[in-house]
Amino acid sequence: MGKYVIMGIQGSGKGTQAKLLAADYDLIHLSMGEVFRAHIHNGTHLGQTIRDLVAGGHLVSDGIVNQVLRTRLDETDCQRGFVLDGYPRNLTQAAFLLELVPLDGVINVTVPDEVVTARMLARRLCDDCGRDWNLQAHAPRVPGVCDDCGGAIVAREDDTPSAIASRLADFHTQTAPVLDLFREHDLVIDIDGTQPPAQVQDQIRRKLGLTVS
Ligand SMILES: [Zn+2]
């Protein structure tokens with residue numbers, strides 16, 4: 001039982017860590033990206049609103065994002081605890097969350113920019129079946145060829161060094177004030193995300209004071 005937020009840049013491994021933690025402690029892994037996709041897929045009123053905004057090239061406002069979050073947190077499965085992933089993305093959302101629910105901790109998975117950049121530059125995608133590969137962590141048996149379907153392995157279009165640098169800069173600009181606010185509330189534990197995943201998870205549990213089940 002616990003109510004946690006996990007933060008970290010794309011490529012920090014935070015999604016994997018959130019899943020590991022949620023599985024062992026019977027928490028919901030609350031990925032905001034998945035919650036949004038479910039609204040759109042199920043054609044809810046909020047889903048329709050979001051779809052219209054995105055189709056019109058508009059950003060989804062904090063008000064709508066917060067409403068999506070509150071609706072999801074009201075569901076009974078979240079009462080036993082959650083690991084919130086992909087929210088809050090800015091100070092307005094963070095302040096809303098602090099008002100909404102008493103948090104037990106904020107897990108900040110840190111990875112130096114150059115390490116995240118190298119991880120992203122190593123990402124590949126099968127051009128045929130869409131399977132994800134990574135030349136560092138998870139390379140195909142034959143270089144450049146998908147193990148599953150024999151398709152060609154290619155880089156993602158948005159994984160160029162300049163696009164990655166711009167995503168990193170945006171991330172730091174947006175999350176710095178969020179982390180500052182959470183630190184004022186003594187909620188943040190900093191976790192070294194460069195270690196192997198099992199060790200990262202160990203460090204998270206120790207710093208959160210969780211008993212290993
Ligand atoms: Zn393939």
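User: In what order do the three strands of the open sheet stand?
Analyst: This is a predicted model, in which local features need pLDDT of at least 70, side-chain atom pairs count only at pLDDT 80 or more, and totals for chains, interfaces and linings use all residues. Residues are numbered from 1 along each chain as its sequence is written. Strands are DSSP runs of E with at least two residues, and helices are runs of H or I with at least four, numbered from the N terminus; two strands pair if DSSP finds at least two bridges between them. The pairing in this open sheet is antiparallel, and the order is β6-β5-β7.

User: Which strands stand at the edges of the sheet?
Analyst: Each edge strand has a single partner strand, so one side of each is left without a neighbour in the sheet. These are β6 (132-134) and β7 (153-154).

User: Which residue in β6 does L125 stand opposite?
Analyst: Strand β5 (residues 123-126) and β6 pair in the antiparallel sense over three bridges. Opposite L125 stands D132.

User: Are α5 and α7 roughly parallel or roughly antiparallel?
Analyst: For helix α5 (residues 91-100) and helix α7 (residues 161-184), the axes come within 8 Å and cross at roughly 25 degrees. Angles under 35 degrees count as roughly parallel, over 145 as roughly antiparallel, 65 to 115 as roughly perpendicular and the rest as oblique. The two helices α5 and α7 are therefore roughly parallel.

User: How far apart do the C-alpha centres of domain 1 and domain 2 lie?
Analyst: Domain 1 takes in 2-111 + 162-208 and domain 2 takes in 112-159, with bounds from an automatic or database domain assignment. Their C-alpha centres are separated by 25 Å.

Definitions and conventions. Axes are lines fitted to C-alpha atoms, for helices over the stretch in contact, and angles run from 0 to 180 degrees between N-to-C directions.
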